[in-house]
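Dear colleague,

Please find the structure below, together with its sequence.

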Amino acid sequence: YIGAPFSCVTRWITAGLSLQLNWFVTNNEDNEQQTTSSCMDGKVLGEEQWTWLETQLTSSDANVHIIVSSIQVLTTNPVMESWGHFPRERLRLLRLLDGVKGLVLLSGDVHHGQILEARSSTTTASTIEFAKEKEIHLTRGVLEVTSSGLTHSCSEAIYGFLCQPLLERYAANEFRSTRNENADDKVENEEEKFYYTGRNFGTIQFDWGNVTANNGGNDHETLTPPTATSSGNVEGSVAATMTISVHNSKGEIVLTTGAQPILYRDGADSKSIHAIPTKMTWEDAELVPACIDGHLIPLFQKGLMCFFFVGLVCIVLMFLTRRKMSKLPSSCQSKRKVH
């Protein structure tokens, strides 16, 4: 009960003041000066693990890739333990995910349910209808679904009253369903929550439609992202979808990604099926909001200024008081001491 709150506070302070980004000069093995940061260089995975993960993703011909992490990847909440407290590792992971087909991240450890999303700086679309409207390619960002836990939740702890305000405060990467893109139901969707603070569990549902085992006769190598027509519009239909949901203790759905398309059927040829890739370039990965953002620095600066101002006022008052006391006759000073 003491260790967990203490760890949360220290993570919040160090991330809020960007202490992880403080650099200092050291000498390497060749006695050459280099700038390093022990926090920036913190590791989540070892090199052998990174090599294995990269090999699995680059050599895979699967149309769906599910990556499970014990801690959250996309959260901007500095109170929770996450990849965000290891900036270089998080950046490396996001860059590695570019081009991965049918990707979803699953995570836990935070005692609440949540859906997060990192979108590309360029407009992406996760539905064919939206792609047609915007005249763009069908792609997706990095989607993360968190489910934790079955036996207890953050709202049940002593500090449970802080759970919801923190999730509301640090919501930079909250999931926005494709329906939010439409002005007609914008007001309705503004009330939707991207988190759930009760006990929960998650499910994944695949709808393969009428996709055959050999993908309509095409080899995996031919499953490439669809391109726009000469008019700029995308034509076709969804061939397969994936729905990730978070359920409460009664089994009711409290959070859902909705049907996310993973395979796309070309309208010109019903046997031509394409996989939908993740869009996350190197530049995009650097722009994904992180939990180490220095949001406490302005408050710290104001507090420091107030401290020095109050201290200066106290010093001036003490000086004036002593000066006034020194001008009093000695007899008055003696009487004041007697009284």
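This is a predicted model: local features need pLDDT of at least 70, side-chain atom pairs count only at pLDDT 80 or more; totals for chains, interfaces and linings use all residues.

Residues are numbered from 1 along each chain as its sequence is written, and side-chain values use heavy atoms, with hydrogens and water left out.

Salt bridges

Arg199 forms a salt bridge with Glu156, with 2.8 Å between the closest N and O atoms (a salt bridge is a side-chain nitrogen of Lys or Arg within 4 Å of a carboxyl oxygen of Asp or Glu). Arg199 lies in the loop between β7 (195-196) and β8 (200-207) and Glu156 in the loop between β6 (142-146) and α5 (163-169), so the pair ties together parts 43 residues apart in sequence. Glu156 is partly exposed, with a relative accessible area of 45%. Helices (H or I, at least four residues) and strands (E, at least two) are DSSP runs, numbered from the N terminus.

A search of the whole structure finds four salt bridges. Another of them joins Glu47 to Arg92, the closest N and O atoms being 3.0 Å apart. Since Glu47 lies in helix α2 and Arg92 in helix α3, this pair ties together parts that are 45 residues apart in sequence.

In α3, the residues Glu89, Arg90, Leu93, Leu94 and Leu96 are buried. Seen down the axis of α3, its buried residues fall within an arc of 160°, so they line one face of the helix; the arc is that of the directions from the helix axis to the C-beta atoms.

The largest nonpolar core has 22 residues, of which Leu97 and Val142 touch the most other members (such a core is a set of buried Ala, Val, Leu, Ile, Met, Phe, Trp, Tyr and Cys residues joined through side-chain atoms within 4.5 Å). Two or more residues each come from α2 (47-59), α3 (87-96), β4 (103-107) and β5 (113-118).

Aromatic pairs

The whole structure holds four aromatic pairs (rings of Phe, Tyr and Trp, the last by its six-membered ring, pair if their centres lie within 6.5 Å; planes under 30 degrees apart count as stacked, over 60 as edge-to-face and the rest as tilted). The rings of Trp50 and Trp83 have centres 6.1 Å apart and planes at 80°, so this pair is edge-to-face. Both Trp50 and Trp83 are buried.

Yours sincerely

Conventions. Buried means under 20% relative accessible area, exposed over 50%, partly exposed in between (1.4 Å probe, protein chains only).
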